[in-house]
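Thanks for coming. Please look at the structure on the screen while I talk.

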Amino acid sequence: MHRLLAMWKKEWLALARDVHGLAVLFVMPAAFIVIMSLALSDAFKADTGHQTDFAVLAADGSNLAERLARRLEGDGFRAAPAPDDEAAARAGVRQGKPGLVLLVPRAFERGLREPPDRTNPSQALTLLADPALPPAQLAVFQHRVLGMVLGLRVSAAARISGIADDTGAFDLKRAATLSIEVVGNPRAGRPSSVQQNVPAWLIFGMFFVVMPISSLFIVERREGTLARLASQQVPFSLLLLGKVVPFFVVNLGQAALMLLAGRTLVPWLGGEQLALPARWDLLAAVAASTSLAAIGWGLLVAVCARTMEQATVIGGVGNILAAAMGGIMVPRFVMPDTMQAWVDLSPMAWALDGFHAVILRQGGVLDILAPCLKLLLLAAVLFAATLWAHHRRRI
Amino acid sequence: MGMLNIEGLSFHYPGSTETVLDGVTLVIPDDGIFGLLGPNGAGKTTLISILAGQLRGATGRIAVSGEPLESVRRRQPHCLGLVPQECAFYPMLTCLENLHFFGGVQGLRGVRLRQRVESVVGFTRIEGVLKRRAGQLSGGLKRRLNLAIGLLTEPEMLLLDEPTVGVDPQSRAFLLDSIRSLAGKGRIILYTSHYMEEVQAICDSAAIIDRGRVLVSGRLAEVLLDGSGSLTLRLRAQLPDALAADWRARYALREDGVARYHLRVSSAAAAAQVIEAARAADCEPVAISYGQRDLEQLFMQLTNRSLRD
């Protein structure tokens, strides 16, 4: 035990004096959490606060255009004054002002009373769209237009059959009372960007223990201290254990500090506050499993890399690729189906599943079991590979 | 501790056909310092690494007083101290932190650890730099810390792999005196160096190895004994041409530098005659060597003077 204590003390002292290593472990993920939480805060809000301007240009006059615009506006879409003509509308959209213009053909209202017919020019609406507009927003507006037209058609049919006498009787917005309840989320409404980003960038930071672990290991090999320790009959397994515990504590410290950053720093800078999970024990279990996998990865890179450059390329670039693939940099739900099939190959995705189960979904033991087991199995494989690689090197 | 016997030790790195050690047999006594000389790539560091347990896969036998070294080390895990060629410590830690760490991982603790640290600090005279980071020390101080770490457990077998490389003359003299003072008391000390004068100055026995083979081994006085009748003279002035021509014919005279000559004579009496003749020719000898070679001569002779990487 005293030998192990000496190892731990050495590791702490070396890490405490490695300014770059500390920056990678603590400053980098905290910076990512703050920047990404603030940058993506609107993307995770139901009411983003961001308004997309649109206009309606109706061939039958401004009265119809105004009526249609009133039906379309709301939920992030703001009605702008109608352009003078189609040429002005196209010129405006080209500059993004407004981002959308709906061109309504002549005799549009009369066409609503007739059955849908693709060849009928009075039923042919055109939506001019700014190419810089996010495709998802364009799709939302497209469905808003179709919903509005459906409402108008139903209203027209109801009036003909005497069911209703108002042309606006059937409005999609008033079709039903629909409220959204996000299941398991500790706060009302949808999860905020800080809740999405804290676990993601925390995992990214935890896996970066590969850098300080490998840099110290390479110094030990280069300076001959590893050989000296071998001559002093210090078992390699003891040496590994001497590294696992300090970096495990570092990873847990990272978790605590990143949660604190989400709780205090992000709201202080204008973002939303992180809602804390109900089950801290489950959070600790996910963090511990992630940490062991990250440390195992760090040790394997340390043993296999001969130079700092190799460690940086294998460890650093490997982490970035795993983060890109594992839904850390780009959320999984944004990816196409073919790409989503690859996400589960990244251990960072397993860790993210575990953290989301605790932080977003308020899940129980069964919800974190699969990700934790996968991470622990990976850690065991990586530790075994480290011992094997070291044995091969030592002859 | 008893003598260290190395018998028929052979080694090659995996995947390589080149034999690094080829049947090395050495007897290293425990009553002095044993010098191991050899050009670069001769196998000195490999031999030290095998003895220290850093390299595995060697064939042959290594024993201390008849007991296999591995068994001795199992019984006494810290009986061997290595002072490697590299300054093998943590540059980001202070000298004291390094000493405490290396002492701690070798099982020293509490009062015993403090005593040993104090002892090696005093022995290597690094008291003034204990709080300085090891990476910031001068070359000489780094070597002294390297030695201090190797002595922490008072090892009965000390392996010193070129411990004075890259230090100034004062530090080298200090290190050599310190190492010399470690000899005796039943301690095996194996010392490798490139510097012939170091080995000649502090070693009692020596071996020269080249290409993994032992070329010569034994007590230094015996190894350097020269029965070939070689006489080396350094004179105050150059020999007159006539005398030089005469000696060239009679004693196979060879000039080696200014007023430095090698001759081959048949006996000590003939050597005395040559010296007298030189004096008579107003070429007073300032240095005479007969019946004994210096280590450098022997080394160059045995390794065929070839320059190696």
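This is a predicted model: local features need pLDDT of at least 70, side-chain atom pairs count only at pLDDT 80 or more; totals for chains, interfaces and linings use all residues.

Residues are numbered from 1 along each chain as its sequence is written, and chains are lettered from A and ligands numbered from 1 in the order in which they are written.

First, the contact. It takes 21 residues from chain A and 28 residues from chain B; two residues are in contact if their C-beta atoms, placed from the backbone, lie within 7 Å. On the side of chain B that touches chain A, β6 (80-83) and α3 (95-105) of chain B each give two or more residues. Helices (H or I, at least four residues) and strands (E, at least two) are DSSP runs, numbered from the N terminus. The largest share of that side, 4 residues, comes from α3(B).

β1(A) pairs in the parallel sense with strand β2 (residues 77-79) of chain A over 3 bridges; to pair, two strands need at least two bridges found by DSSP. There, Asp53(A) stands opposite Arg78(A). β1(A) also runs parallel to strand β3 (residues 100-104) of chain A, joined by 5 bridges, and Val56(A) has Leu102(A) as its bridge partner.

Chain B has an open sheet of 4 strands with antiparallel pairing, in the order β2-β1-β4-β5. At the edges stand β2 (21-28) and β5 (67-68) of chain B, each with a single partner strand, so one side of each is left without a neighbour in the sheet.

Last, helix α4 (residues 110-124) of chain B. Its buried residues are Val117(B), Val120(B), Val121(B) and Thr124(B). Seen down the axis of α4(B), they fall within an arc of 105°, so they line one face of the helix; the arc is that of the directions from the helix axis to the C-beta atoms. They pack against α3, α5 (139-150) and α6 (169-182) of chain B. On the other side, the exposed residues include Arg112(B) and Glu118(B).

Key
A residue is buried if 20 or more other C-beta atoms lie within 10 Å of its own, exposed if 12 or fewer, and partly exposed in between; C-beta atoms are placed from the backbone.
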